[in-house]
Amino acid sequence: MTETSAVAEAEQVLAEVTGSSEAPESGPKFTLELNQDQKDIKEWVHGFAEGVVRPAAEEWDEREETPWPVIQEAAKIGLYGFEALGQFWADDTGLTLPIANEELFWGDAGIGMAIMGSSLAVAAIFGQGTPEQMGEWIPQCFGTAADVKLGAFCASEPDAGSDVSAIRTTAKYDEARDEWVINGQKAWATNGGIANVHVVIASVDRELGSRGHAAFVIPPGTKGCEQGAKVKKHGLRASHTADIHLDDCRVPGSCLLGGKEKLDERLARVREGKKSKSQAAMQTFEASRPTVGAQALGIARAAYEYSLEYAKERRQFGKAIIENQSIAFALADMKLEIDAARLLVWRAAWMGRSGQRFENAEGSMSKLKAGEVAVWATERAIQILGGNGYTREFPVERMHRDAKIYTIFEGTSEIQRLVISRAISGVHVK
Ligand SMILES: Cc1cc2nc3c(=O)[nH]c(=O)nc-3n(C[C@H](O)[C@H](O)[C@H](O)COP(=O)(O)OP(=O)(O)OC[C@H]3O[C@@H](n4cnc5c(N)ncnc54)[C@H](O)[C@@H]3O)c2cc1C
């Protein structure tokens, strides 16, 4: 398997577990003028980020633990749960989802991911499951405000990161018992081991590469599904990340997302050599990337705002440090880059929701730009704060650590560049 075909296959399998790229034939015109619903949701999420998330950020980063009480607070106001995700998604301009993510992650990215991490599993069930499976498992990814639960999406493995086609976890069907037997190891699963519901990607036919992959729900308390090592991370430390071991993990036949008939039909098509859905897969992926970009934007904006205020107050050589061009220009560039990244994020979000074709991998552009801006802007913020910026007494140090993951997960910056360069050139760039 070459790395380039691996990328295409990785995109296909993830698209298959996150659903089809079918989009409405026409959608609303793009406008930067937010409607009242969008403004209300922005204000609502911002209020929670400012009043609840921010004050808790340092504590949970230091504790490196899942902030259950904060998730519970989010559930109480309806921000954690399928209704909220549904409400964000219902906006046919596509902008509400990135707006809500930017505001939440402006509060704190570690806690933001603790709240949003379940949505990966939910997206897989929503995109791939039957209506019965959605009804059964999605509520169990969230629990209730009194008893919150989490979901985890487990695709990556120790030897299968960017190259998802290299997945070794297998699922074998035991016809006599109508059960699937899953064996393998998953790596870096957000909420892995502490989730109520795990969605696991496994191979049902290794010879077919990623086209032989399928998604399975592992119900709560299933034997043979155990948490491995909890990962100690550079950033996003309030979000739990761990390995998952699957040892003869038996799940009912009904846990195969989409059902066996659909899987058998798909496998038969692939074995007959029928055309793959890679173009549709690309479109699906492109549509989900702006949401991740919006999270990075939230971090970048928080660092920019903090360093702007600091630069106005901090005095050296008898004047505020912002009176020095080098500091003021750095802040001007930060504002410029953040706004430019947001325009890319909003454009891609609108394109994805309104069914525009991503001719130039605009979704990848948005995630790539926002992730790199977040890393760069948070580093600049540390520089503006000087020694204080380097300490844990000031939040920009945490923001910089949190930002770095946005050039790595959900497709590294290199993989995004690969996707963009292929889209603009038509050449199978390697
Ligand atoms: C905090 C955190 C949370 C995560 N959460 C989840 C989760 O919930 N579920 C899940 O399934 N996974 C999750 N992941 C895994 C994440 O998706 C992978 O880390 C990511 O896909 C990169 O894979 P890798 O780490 O194996 O890097 P590799 O694929 O080994 O890449 C290493 C380097 O090589 C480069 N590279 C690889 N291939 C190419 C190529 N073809 N061309 C150019 N450069 C290339 C990469 O860009 C990178 O710089 C998480 C990871 C982290 C750190």
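Q: Where is Ala361 found?
A: In this predicted model, Ala361 sits in the loop between helix 11 and helix 12 (362-385).

Q: Is Ala361 buried or exposed?
A: Ala361 is buried, with a relative accessible area of 1%.

Q: And what is its phi?
A: Phi of Ala361 is near 55°, which is a positive value in a residue other than glycine. Most residues other than glycine have a negative phi.

Q: Which loop holds Phe317?
A: Phe317 is in the loop between strand 8 (315-316) and strand 9 (319-320). Phe317 also has a positive phi, about 55°, although it is not a glycine.

Q: Buried or exposed for Phe317?
A: Phe317 is exposed, because its relative accessible area of 85% falls in the range over 50%.

Q: Back to helix 11. Which residues does it span, and where is Ser354?
A: Helix 11 covers residues 325-354, and Ser354 lies in it. Ser354 is buried at a relative accessible area of 1%.

Q: What does the side chain of Ser354 make a polar contact with?
A: With the side chain of Gln356, at 3.4 Å.

Q: Switching to the ligand. Which residues come nearest?
A: Ser156, Ser162, Trp188, Thr412 and Glu414, out of 20 residues around the ligand.

Q: Which atoms of Glu414 and Trp188 are involved in short distances to the ligand?
A: For Glu414, an N or O atom in the side chain is 2.7 Å from an oxygen atom of the ligand. For Trp188, a polar backbone atom is 2.9 Å from a nitrogen atom of the ligand.

Q: What about Ala155?
A: A backbone N or O atom of Ala155 lies 2.9 Å from an oxygen atom of the ligand.

Q: How much of the ligand does the protein cover?
A: The ligand on its own has 970 Å² of accessible area, and the protein covers 70% of that.

Q: Which elements give two or more residues to the shell around the ligand?
A: Strand 1 (151-154), strand 3 (179-190) and helix 14 (413-425).

Q: How do the shell residues divide by class?
A: The shell around the ligand has 11 nonpolar, 6 polar and 3 charged residues.

Q: OK, cavities. How many of 30 Å³ or more turn up?
A: A search of the whole structure finds 3.

Q: What volume does the largest cavity have?
A: About 70 Å³.

Q: Which residues line the largest cavity?
A: The lining consists of Leu79, Tyr80, Gly81, Ala84, Leu85, Phe88, Ile115, Met116, Ser119 and Phe142. By class, that lining has 8 nonpolar, 2 polar and no charged residues.

Q: Which helices supply at least two of the lining residues?
A: Helix 4 (82-90) and helix 6 (109-116) each do. Helix 4 gives the largest share, 3 residues.

Q: And what is the volume of the second largest cavity?
A: The second largest cavity has a volume of about 40 Å³. Helix 5 (96-107), helix 10 (278-313) and helix 13 (395-403) are the elements that give two or more residues to its lining.

Q: Which residues are in that lining?
A: Phe105, Trp106, Gly107, Asp108, Ala109, Ile299, Ala302, Arg398, Met399 and Asp402 line the second largest cavity.

Q: How does that lining split by class?
A: The lining of the second largest cavity has 6 nonpolar, 1 polar and 3 charged residues.

Q: Why is helix 13 described as largely enclosed by the rest of the structure?
A: Because 8 of the 9 residues of helix 13 are buried. The buried residues are Pro395, Val396, Glu397, Arg398, Met399, Arg401, Asp402 and Ala403.

Q: What relative accessibility does Glu397 have?
A: Glu397 is at 12%, so it counts as buried, the limit being under 20%.

Q: Which side chain does the Glu397 side chain make a polar contact with?
A: The side chain of Arg401, at 2.7 Å. In general, an α-helix has 3.6 residues a turn, so residues three or four places apart point the same way.

Q: Last one: where is Lys232?
A: Lys232 is in the loop between strand 6 (225-230) and strand 7 (241-252). Lys232 is exposed, with a relative accessible area of 77%.

Q: How far apart are Lys232 and Ala242?
A: They are 10 residues apart in sequence and 8.9 Å apart in space, C-alpha to C-alpha.

How values were computed: Residues numbered from 1 in each chain as written. Predicted model: local features only at pLDDT ≥ 70, side-chain atom pairs only at ≥ 80, totals over all residues. Heavy atoms only, no water. 1 Å grid on protein atoms, 1.4 Å probe; cavity = no way out; pocket = protein on both sides within 12 Å on 5 of 7 lines; lining within 4 Å. Points joined across faces, edges and corners; volume = space filled by probe spheres on them. Helix = DSSP H or I, 4+ residues; strand = E, 2+ residues; numbered from the N terminus. Nonpolar A, V, L, I, M, F, W, Y, C, P; charged D, E, K, R; others polar. Near = heavy atom within 4 Å. Polar contact = N/O pair within 3.5 Å; in protein donor to acceptor, adjacent residues only side chain to side chain. Areas by Shrake-Rupley, 256 points an atom, 1.4 Å probe, with all protein chains shown as cover. Buried < 20%, exposed > 50% of the residue type's maximum accessible area, 1.4 Å probe, protein only.
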